[in-house]
Amino acid sequence: MSTQSQHPETLALHAGYRADPATGAVAVPIYQTTSYQFADTERAANLFALKELGNIYTRIMNPTTDVLEKRIAALDGGAGALAVASGQAASALAVQNLAQADDNIVSATDLYGGTWNLFANTLRQQGIEVRFVDPADPENFRRATDARTRAYYGETLPNPKLAVFPIREVADIGRPLGIPLIIDNTAAPLLARPFDHGAAVIVYSTTKYIGGHGTSIGGLIVDGGSFDWSLAPERQPALNTPDPSYHGAVWVEAVKPLGPVAYIIKARVTLLRDLGPALSPFNAFQAIQGLETLPLRIREHSRNAQAVAAYLATHRDVSRVIYPGRQDGEARRRADAYLKGGYGGLVGFELRNGHDAGRRFIDALRLFYHVANIGDARSLAIHPASTTHSQLSAADQAATGVSDGYVRLSVGIEHIDDIIADLAQALDAAGKARLAA
Ligand code: PLP
């Protein structure tokens, strides 16, 4: 059976690996090695010249990591992937692979805070300008574009607003101009298939749902293989002009025999080689373990979150529930167009009694963990106004979608009755403390 016709549940367990050739091991072994014996000098020369693909040094590739890369590429319908040390490294390399000093990209304003900092400060200091636009109107991307725009960037399901990104609309603006859309799909793996809607590149923090057990930091970049990087060569100079760091290779030409993988090979053999954020083989193994049950878990996260959203909507102390399945208008249309089989595990809500109620609620939780994380199998909660967003002014907090009483839940896969019981007792405790005050 060709893997192309297999379902996600099957690919998650089988894609990219069928028993270890050396030992027959069924579980993917952890190849904890830095380097690899070359069969002979000719083979070594071919590997360095990219005439053959194979193992050279674990900073650039590793057999355990290779399975993770092949598996995510199969699941997303991409041509190839690159694993890196964190989601942050994935976002940084995905952009740096195309944009150089004096170039720009256009990004949605609705971003994970770490990505925001990377874009607003670190990339800017390196000479790459990030132009932030409101994704509610996809035309904002076109308006911010100029001759040096190298990519568009957005998150499928950004929190705290949980307003799904207009993937097709923005991809369609970029494609004829030679501008690829990079999508961070961390919060909606498997539920969203950004390549089906025109995205060129997907990035993930595997730290979240893919790993799923809160044990290991990691990231992935996936190349959809369908973007025409040479449609407008002047638009993508990094892939269309000789690269002095790799004996003058013009990437769109140099790797043609290997398939439509110019973007991802360049990221591996230049940026990963030079900057060095390699994923450890052990963390690749952990991400593979997570991936194997992701189809089951993401369904359960979604089911539980839907029930939590419904419960919260009936509670007297909750003034608003933020959840893709409860939105209306254009936001809901996008949620339904891009999320299939569930709306994901994230739920936001606002407590009527503001900041103090938010803190009291968090302090009263017994089952939910109070952490700055999402996507763990366990249920997690945070009060952004007193933690992740506390450095922002009230106006900036509001612009990001955070109010005083906003609570973010990453709903886990415990039994739904236990999840709701914990929320109920914490809401009760937050309400009682207010009455006593
Ligand atoms: N993208 C999103 C949507 C995230 O939520 C995070 C982390 O919270 C990242 C990227 C960064 O990932 P990492 O923490 O693995 O570097």
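In which loop does Asp-20 lie? The first legend gives the answer.

This is a predicted model, in which local features need pLDDT of at least 70, side-chain atom pairs count only at pLDDT 80 or more, and totals for chains, interfaces and linings use all residues. Residues are numbered from 1 along each chain as its sequence is written, and side-chain values use heavy atoms, with hydrogens and water left out.

**View 1. Asp-20 in the loop between α1 and α2.**
Asp-20 lies in the loop between α1 (8-14) and α2. Helices (H or I, at least four residues) and strands (E, at least two) are DSSP runs, numbered from the N terminus. Asp-20 counts as buried because its relative accessibility is 5%; buried means under 20% relative accessible area, exposed over 50%, and partly exposed in between, with a 1.4 Å probe and protein chains only. Leaving aside neighbours within four places in sequence, Asp-20 is in contact with Ala-25, Pro-29 and Tyr-31, where contact means heavy atoms within 4.5 Å. The side chains of Asp-20 and Tyr-31 are joined by a polar contact of 2.2 Å. A polar contact is a pair of N or O atoms within 3.5 Å; within protein, one must be able to donate a hydrogen and the other to accept it, and residues adjacent in sequence count only if both atoms are side-chain atoms. Asp-20 and Pro-242 are 222 residues apart along the chain, and their C-alpha atoms are separated by 38 Å.

The ligand sits in the largest pocket. On a 1 Å grid over the protein atoms alone, a cavity is a set of points where a 1.4 Å probe fits but cannot get out, whereas a pocket is an open set with protein on both sides within 12 Å along at least five of seven lines; lining residues have an atom within 4 Å of a point. A molecule sits in a cavity or pocket if more than half of its atoms lie within 2 Å of its grid points. Among the residues that surround the ligand are Ser-86, Gln-88, Tyr-112, Asp-184, Thr-207 and Lys-208; a residue is near a molecule or strand if one of its heavy atoms lies within 4 Å of it. A polar backbone atom of Gln-88 is 2.9 Å from an oxygen atom of the ligand. An N or O atom in the side chain of Asp-184 is 2.6 Å from a nitrogen atom of the ligand. For Thr-207, a polar side-chain atom lies 2.6 Å from an oxygen atom of the ligand. The ligand has 390 Å² of accessible area on its own, and the protein covers 90% of this area. Accessible areas come from the Shrake-Rupley method with a 1.4 Å probe; for residues, only the protein chains shown count as cover.

**View 2. Ala-90 and Ser-91 in helix α4.**
Ser-91 has its place in helix α4 (residues 87-96), and Ala-90 is also in helix α4. Ala-90 is buried, with a relative accessible area of 0%, and Ser-91 counts as buried at 2% relative accessibility. Not counting residues up to four places away in sequence, Ala-90 touches several residues, including Val-84, Val-203, Tyr-204 and Leu-220. With neighbours within four places in sequence left aside, Ser-91 is in contact with Thr-115, Leu-118, Tyr-153 and Val-203.

**View 3. Pro-160 and Leu-162 in the loop between β4 and α7.**
Pro-160 has its place in the loop between β4 (149-155) and α7 (167-174). Asn-159 and Pro-160 are joined by a cis peptide bond, with omega about 15°. Leu-162 is found in the loop between β4 and α7. Although Leu-162 is not a glycine, its phi is positive, at about 55°. Leu-162 counts as buried because its relative accessibility is 1%.

Leu-50 lies in the loop between α2 (41-48) and α3 (63-76). Its phi is near 60°, a positive value in a residue other than glycine. Leu-50 is buried, with a relative accessible area of 15%. Val-255 lies in the loop between α9 (251-254) and α10 (262-275) and is buried, with a relative accessible area of 1%. Not counting residues up to four places away in sequence, Val-255 touches Leu-50, Val-261, Ala-262 and Ile-265.
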